[in-house]
There are 4 protein chains.
Amino acid sequence: MKLGIYGLGRMGANMARRLSRGGIEVVAHNRSAGPIDELVAEEANITAAYDLEQFIAALPAPRIVWLMLPAGAVTGEAIEQILPKLSPGDLLIDGGNSFYQDTLARAVQVQEAEVHYMDVGTSGGVWGLKNGYSLMVGGSKEAFALIEPAIRVLAPSADHGWGHVGPVGSGHYVKMVHNGIEYGMMQALAEGLAVLRAKKAFDLDLAQITELWRDGSVVQSWLLDLTAEALAAQGQELQHIAPVVADSGEGRWTAKEAIDLGVSAPVMTLALQMRFASQDAEGYGNRLLSLMRNAFGGHAITRK
Amino acid sequence: MKLGIYGLGRMGANMARRLSRGGIEVVAHNRSAGPIDELVAEEANITAAYDLEQFIAALPAPRIVWLMLPAGAVTGEAIEQILPKLSPGDLLIDGGNSFYQDTLARAVQVQEAEVHYMDVGTSGGVWGLKNGYSLMVGGSKEAFALIEPAIRVLAPSADHGWGHVGPVGSGHYVKMVHNGIEYGMMQALAEGLAVLRAKKAFDLDLAQITELWRDGSVVQSWLLDLTAEALAAQGQELQHIAPVVADSGEGRWTAKEAIDLGVSAPVMTLALQMRFASQDAEGYGNRLLSLMRNAFGGHAITRK
Amino acid sequence: MKLGIYGLGRMGANMARRLSRGGIEVVAHNRSAGPIDELVAEEANITAAYDLEQFIAALPAPRIVWLMLPAGAVTGEAIEQILPKLSPGDLLIDGGNSFYQDTLARAVQVQEAEVHYMDVGTSGGVWGLKNGYSLMVGGSKEAFALIEPAIRVLAPSADHGWGHVGPVGSGHYVKMVHNGIEYGMMQALAEGLAVLRAKKAFDLDLAQITELWRDGSVVQSWLLDLTAEALAAQGQELQHIAPVVADSGEGRWTAKEAIDLGVSAPVMTLALQMRFASQDAEGYGNRLLSLMRNAFGGHAITRK
Amino acid sequence: MKLGIYGLGRMGANMARRLSRGGIEVVAHNRSAGPIDELVAEEANITAAYDLEQFIAALPAPRIVWLMLPAGAVTGEAIEQILPKLSPGDLLIDGGNSFYQDTLARAVQVQEAEVHYMDVGTSGGVWGLKNGYSLMVGGSKEAFALIEPAIRVLAPSADHGWGHVGPVGSGHYVKMVHNGIEYGMMQALAEGLAVLRAKKAFDLDLAQITELWRDGSVVQSWLLDLTAEALAAQGQELQHIAPVVADSGEGRWTAKEAIDLGVSAPVMTLALQMRFASQDAEGYGNRLLSLMRNAFGGHAITRK
């Protein structure tokens, strides 16, 4: 089996490596040549394609093109460029973190050219190369059959950790909600550990506690595993880490999607909103609250 | 009518003034003499009591002693000192912000001495002297009859803005929940204005908007009135105000009480928790979240 | 001054009445004739227009057409129909609850025809006819000058309760956020009263408490006024009211807008989400939680 | 090693079994005889004690008494009864779900009798017998040395899944917070799955999705494992499960403790509050909201 990967960032490059090591031939393309050269030097089953013409020409029919590009305009533009070069029956896959409604719109466009379109939501972060990727695949059965061997190689095992979850768009949708759950779980864990640490009277060792919870407790989870290991390695003071938490598209989309569906999802949403609060150096709402307290109660306003 | 006020902080002193101006005779006591002297110099119907003996001796039977002291130990100790000096049939009032369960416990103790005990939850802040205080009174009918004339003077009007809401403890209880509602309303208003301000494209004038809402809108409220006036006076940048919001006992007690009752009160509780977040300069929970993101996704940790 | 109102639902009809009574001539149009006839029979300054041709023909140049139609497709279609009949310099106003991004898109379309476009966010509900409407106006200065006399009549007073808050779109935007604040304030008040009621030991009278808070307390507000009056009129058991709370577009839009802006607005959002929970008769998420509790702890699952 | 267990409910009986199977001799006591007889019939290393005298007499000095009783009065009364029968140097352990402040108070009382006191927070539910229990132990080093062999047997493995986390009280404290985190994680997972299910267009199979997430995804967790298995076994409709979620002491205590510490823990708290909402068949707060909507906007109140 042979397929093309376009986009050799951290995710794309490691997925190419895992495919290569699993016996899948990969044609690797990227805007800049560096990551291509690096991969080709490393891996036996990877060949280089320095421009789109070369990339498409190197793929056997039906061509399988897997995009691993930043969501939004970059992915959209790549589809515009590649689609005219594909033939009916080829397969175009968006493996990035696209918003599922963008995916639905692009599917219409791609399918008008009689090209198959699939979306693969991918989780696994920096651990995917070694442990395999969690893969949530959306698309038709026919298209899925074309890509199934590669999915089984990318996944943690041939029979587990992946799923063809539904029609086009559903892969990105399931991945989006996965991240919403992730936000909520992370926030719950962080809040609990912050309470433990604030209880100075007990002088608790968070590395010890998170480590012991890894076996037998109800909160056993990969997030707990990673937290325990990081606390053991770095100590629990974390004075070198800024108290500012970034957020990405999926968390926002999940919160908004729940609102659109009229589903109450307060914990996933609040986990996002606490990240917003962490990012808000100005604290305008809080200034307003102090202003009000001063206005009705004469409470002092702490001047900066 | 004559009564004694013990505790001449901002609230106690202004309540003494309002009583005096309404024709009620007040014996004023305070730990330090300064506030006593100031009141006596100002007001015709206020006389001084520099120690507890003098204070009690100056009151006609049945004596009415109104405490306006900080909640907690200070109020508890004052009751310990005064109770032995009172006689059966006297009335002891806690007009401070005591936790209602403390009030219930103290009522048992006071009533064992055959002294009436009442609690008066008081709202109105710095505006009470001029506009009158909102008064939520707990206690027996008999005790209430003793104090009713003073209540009618302290209130915004003789017939409105006060209530004998139930037995001992209920006054502080109703005031406690009042403050919980206040927290939620304030937070809602602050959040909305923060959204308006963040919409840079419209370059909105928050003083104008809050002012126009004061008439005819659904969010008409005293908090809105004060906010509109403060924004008009100070401008909307608020760069001189620290984004740190203090909280007081009532907000915490309301949130915990709702949990004890098994009543879902997420908005009142969250308004409190956002104040906690504003006070949290360290942001330990947020550091943990960044630690986790780095551990699973390789996301950069912003070093301070 | 003469203007046309298209859409004689509760809001549109009452606004026409208030304009008429304030000396503004109104041409009234509606899809069905009934509401037109009713208004014309009642009000001296209102004339009927039974179709769009008649409606437009009855208006002097520059024509002022005020739409009071349901947000979404109905408003959009009305604009499609009316725009070709208007001339450069005319003014088209959307006084409904349109989403501000729809308003921005329509403004482009309308202004291409050299017709002015304005949006007026309107609050005041069933009380507007008597007390005046809170009006948040978006549009150009030139357009605003055309409509200002009518705004002053519709508002609670000529000088207060209205504002030209910014460019096209800002009127709907400010109204949207107004409703978000309203949701939060309502939820805070409802939670507090639910706590008071759950405290059976005090047997509190919510009509009394809400009434007393109306004067002197920090939570004084129109929502409190209405709640106090309704509780006094109906009793506090409310057994005749279903515990299901509807939501409308503005609350959802505000929550999503805050997410798009990256502004933490948890209380406004949660007030919406609690409404969703009230609407959720199935409770699927809760079934899942019971399933999990059973799976790890053997806790009984209550069978229906 | 020999120790006594008092309280043979689900947790206590299974812990006795695991100890017996691990070679620890157990004297088993319970208020009713049935569970004692059952255990003795099953397990080689368990002997019966039908009253407290027999129970204490059967234990070698220093005696180790492990209570597995319902938190609150039951545990408190058992300590009152047993303490006079113990001798200096004996060890009394509370392995139930006591509130840590009760534990601190009892520790003072027990230690006055020169008896060691320890608290062991225990997680693991119905799976503990087979997989081992997660054990969070609070107490002195001296006391811990007495019990360490039994801890190693009860835990998932001799070297993992348990910890001596700090002084008396800390074991229950860490367990309490563990449950707070558990609530938050569960709620996040339930919300996410509810969103997936509400997206009817994709017709998603929740058993498939939760199963695939178990390998490689960021939300890998024991709660996910159990959910996947339960959904596979029972189908995803869950029509046989009532949408009402019970809560227990630890979730409430964690939320209140965070408030006492001034730590913002909104997700753990909200997970609890959503359970309260699920339990609230009356929905009084929601009735109030409908009342308000009717009062200001004339919105229909759905009559039941």
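The model is predicted, so local features need pLDDT of at least 70 and side-chain atom pairs count only at pLDDT 80 or more, while totals for chains, interfaces and linings use all residues. Side-chain values use heavy atoms, with hydrogens and water left out.

**Chain D with chain A**

- Chain D and chain A each put 67 residues into the contact (contact means heavy atoms within 4.5 Å).
- About 5,800 Å² is buried between chain D and chain A, with 74% of it on carbon and sulfur atoms; buried area here is the accessible area (1.4 Å probe) that two parts lose on being put together, summed over both.
- Met185(D), Phe202(D) and Val218(D) supply 12% of what chain D buries against chain A, more than any other three residues.
- There are two salt bridges between chain D and chain A, a salt bridge being a side-chain nitrogen of Lys or Arg within 4 Å of a carboxyl oxygen of Asp or Glu.
- Glu257(D) forms a salt bridge with Lys199(A), and the closest N and O atoms are 3.0 Å apart.

**Chain B with chain D**

- Here the contact takes 19 residues from chain B and 19 residues from chain D.
- The buried area is about 1,600 Å², and carbon and sulfur atoms give 67% of it.
- Lys256(B), Ile259(B) and Gln273(B) supply 37% of the area that chain B buries against chain D, more than any other three residues.
- The rule finds two salt bridges across this interface of chain B and chain D.
- Asp260(B) forms a salt bridge with Lys256(D), with the closest N and O atoms 2.5 Å apart.
- On the side of chain B that touches chain D, α11 (249-261) and α12 (266-279) of chain B each supply at least two residues (helices are DSSP runs of H or I, at least four residues, numbered from the N terminus).
- The largest share of that side, seven residues, comes from α12(B).

**Helices α8 and α11 within chain D**

- The axes of α8 (residues 170-198) and α11 (residues 249-261) of chain D come within 8 Å and cross at roughly 105 degrees; axes are lines fitted to C-alpha atoms over the stretch in contact, and angles run from 0 to 180 degrees between N-to-C directions.
- α8(D) and α11(D) are therefore roughly perpendicular to each other (65 to 115 degrees counts as roughly perpendicular).
- Among the residues making this contact are Tyr173(D), Met176(D) and Tyr183(D) of α8(D), and Trp253(D), Glu257(D) and Leu261(D) of α11(D).

Key:
Residues numbered from 1 in each chain as written. Chains lettered and ligands numbered in written order. Parallel < 35°, antiparallel > 145°, perpendicular 65-115°, else oblique.
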